[in-house]
Amino acid sequence: MTNLFDLKNKKILITGGTGVLGTAWSRYLAQEGARIIILGINQAEGDALVQQIKSERGYASFYICDVTKESSLAKVATEVSQSHQHIDVLINAAGGNKKGATITPDQSIFDSDLDALKAILDLNYIGTYLAIKTFLPLFKDKKGSIINISSMSAARPLTRVMGYSSAKAAIDNLTQWLAVEFAQKYGEGLRVNALAPGFFLTTQNRELLTQADGSYTERGEQIIANTPMGRFGTPEELLGAMHYLCSEASKFVTGTIMAIDGGFGAYSGV
């Protein structure tokens with residue numbers, strides 16, 4: 001029988017590929033035989049990641065790209081088309097949060113910053129939308145997999161992260177809308193899904209969730225108390241779900257928001 005999970009020689013493009021999660025996905029998928037096309041905004045980080053993947057006997061290339069700018073994406077799309085001809089998978093991993101789009105316990109909405117809010121919407125939502133729009137022609141015969149990145153804060157808005165929650169809620173809607181749109185316009189070959197990670201310690205949230213000595217902050221303790229597995233996740237625990245959505249094993253799966261959250265979304269607090 002055919003190995004439904006085989007990724008050998010699949011061409012996988014990852015925006016935000018040098019971030020904590022993007023790096024884990026890039027390395028793992030390359031080790032599984034995929035040809036990784038990494039997009040990011042820092043040349044040194046991109047070059048270092050490519051060299052690391054090559055040292056692990058994988059294949060990777062890197063392109064500087066700002067996913068919030070259509071002209072930057074269009075330039076990269078031309079270069080990728082010339083070098084790789086087509087892609088099989090698009091992972092929209094570019095995203096993040098920003099001070100000013102958050103409201104701390106001692107603040108109110110009057111302290112929020114419109115420019116910061118727009119920046120978060122641009123990075124998380126517009127960056128995903130533009131990447132899909134730009135790289136769609138690179139899917140041969142409109143067949144392949146598009147994987148967006150949602151969050152636990154999309155379906156159940158979390159305190160503080162107003163802008164991020166709004167942007168990720170929009171990602172859920174876009175994922176499901178495009179799943180229907182592409183199936184009806186192009187047939188069954190092009191599927192669109194999203195991963196919704198629970199709480200994983202990253203560079204962005206480490207100071208928010210842990211103290212300098214590694215103990216949890218008050219917010220970190222709240223999260224752990226509402227996560228039945230009683231801990232934060234590790235980037236490696238997202239690899240299986242990502243592999244599945246990249247592979248032919250998920251060929252009848254589209255429009256799903258797949259939670260990897262240690263039970264956080266299922267827990268009512270009682």
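**Figure 1. The largest nonpolar core.** Trp25, Leu29 and Ile91 touch the most other members among the 32 residues of the largest nonpolar core. A nonpolar core is a set of buried Ala, Val, Leu, Ile, Met, Phe, Trp, Tyr and Cys residues joined through side-chain atoms within 4.5 Å; buried means under 20% relative accessible area, exposed over 50%, and partly exposed in between (1.4 Å probe, protein chains only). Two or more residues each come from β1 (11–15), α1 (20–31), β2 (35–40), α2, β3, β4 (89–92), β5 (144–149) and α9 (239–246). With six residues, α1 gives the most to this core. Helices (H or I, at least four residues) and strands (E, at least two) are DSSP runs, numbered from the N terminus. The model is predicted: local features need pLDDT of at least 70, side-chain atom pairs count only at pLDDT 80 or more, and totals for chains, interfaces and linings use all residues. Residues are numbered from 1 along each chain as its sequence is written, and side-chain values use heavy atoms, with hydrogens and water left out.

Figure 2. Not counting residues up to four places away in sequence, leucine 29 touches Leu7, Ile12, Ile14, Ala34, Ile36, Ile91, Met242 and Cys246. Contact means heavy atoms within 4.5 Å. A second, separate core has 27 residues, including Leu90, Ile146, Leu178 and Val192.

Figure 3. The structure holds zero disulfides, a disulfide being a pair of cysteine sulfur atoms within 2.5 Å. The closest cysteine sulfur to that of cysteine 65 belongs to cysteine 246 and is 19 Å away, which is too far for a bond. Cysteine 246 is likewise in no disulfide, with the sulfur of cysteine 65 as its nearest cysteine sulfur. Cysteine 65 counts as buried because its relative accessibility is 4%. Cysteine 246, at 1% relative accessibility, also counts as buried.

**Figure 4. The second largest pocket.** The space in this pocket is about 240 Å³. Its lining consists of 14 residues, and Lys143, Gly144, Gly189, Arg191 and Glu248 lie nearest the centre. On a 1 Å grid over the protein atoms alone, a pocket is an open set of points where a 1.4 Å probe fits, with protein on both sides within 12 Å along at least five of seven lines; lining residues have an atom within 4 Å of a point. Grid points are joined across faces, edges and corners, and a volume is the space filled by probe spheres set on the points.

**Figure 5. The loop between α2 and β3.** Glutamate 56 is placed in the loop between α2 (43–55) and β3 (59–64). Its relative accessibility is 26%, so glutamate 56 counts as partly exposed. Leaving out residues up to four places away in sequence, glutamate 56 touches Arg27 and Gln31. A C-alpha separation of 39 Å lies between glutamate 56 and alanine 101, which are 45 residues apart along the chain. Arginine 57 is in the loop between α2 and β3 and counts as exposed, at 82% relative accessibility. Arginine 57 has a phi near 65°, a positive value in a residue other than glycine.

**Figure 6. The loop between α3 and β4.** Glutamine 85 lies in the loop between α3 (70–84) and β4. Although not a glycine, glutamine 85 has a positive phi of about 70°. Histidine 86 is in the loop between α3 and β4. Apart from neighbours within four places in sequence, histidine 86 is in contact with Lys11, Leu138 and Lys140. From histidine 86 to leucine 13 the C-alpha distance is 10.0 Å, across 73 residues in sequence.

**Figure 7. Isoleucine 171 in helix α6.** Helix α6 (residues 162–186) contains isoleucine 171. Isoleucine 171 has a relative accessible area of 0% and is therefore buried. Beyond residues up to four places away in sequence, isoleucine 171 touches Asn124, Tyr125, Thr128, Asn148, Ile149 and Ser150. The C-alpha atoms of isoleucine 171 and glycine 16 are 16 Å apart, with the two residues 155 apart along the chain.

**Figure 8. Threonine 227 between α8 and α9.** Threonine 227 is found in the loop between α8 (218–225) and α9. At 4% relative accessibility, this threonine 227 counts as buried. Aside from neighbours within four places in sequence, threonine 227 is in contact with Asp261, Gly262 and Phe264.
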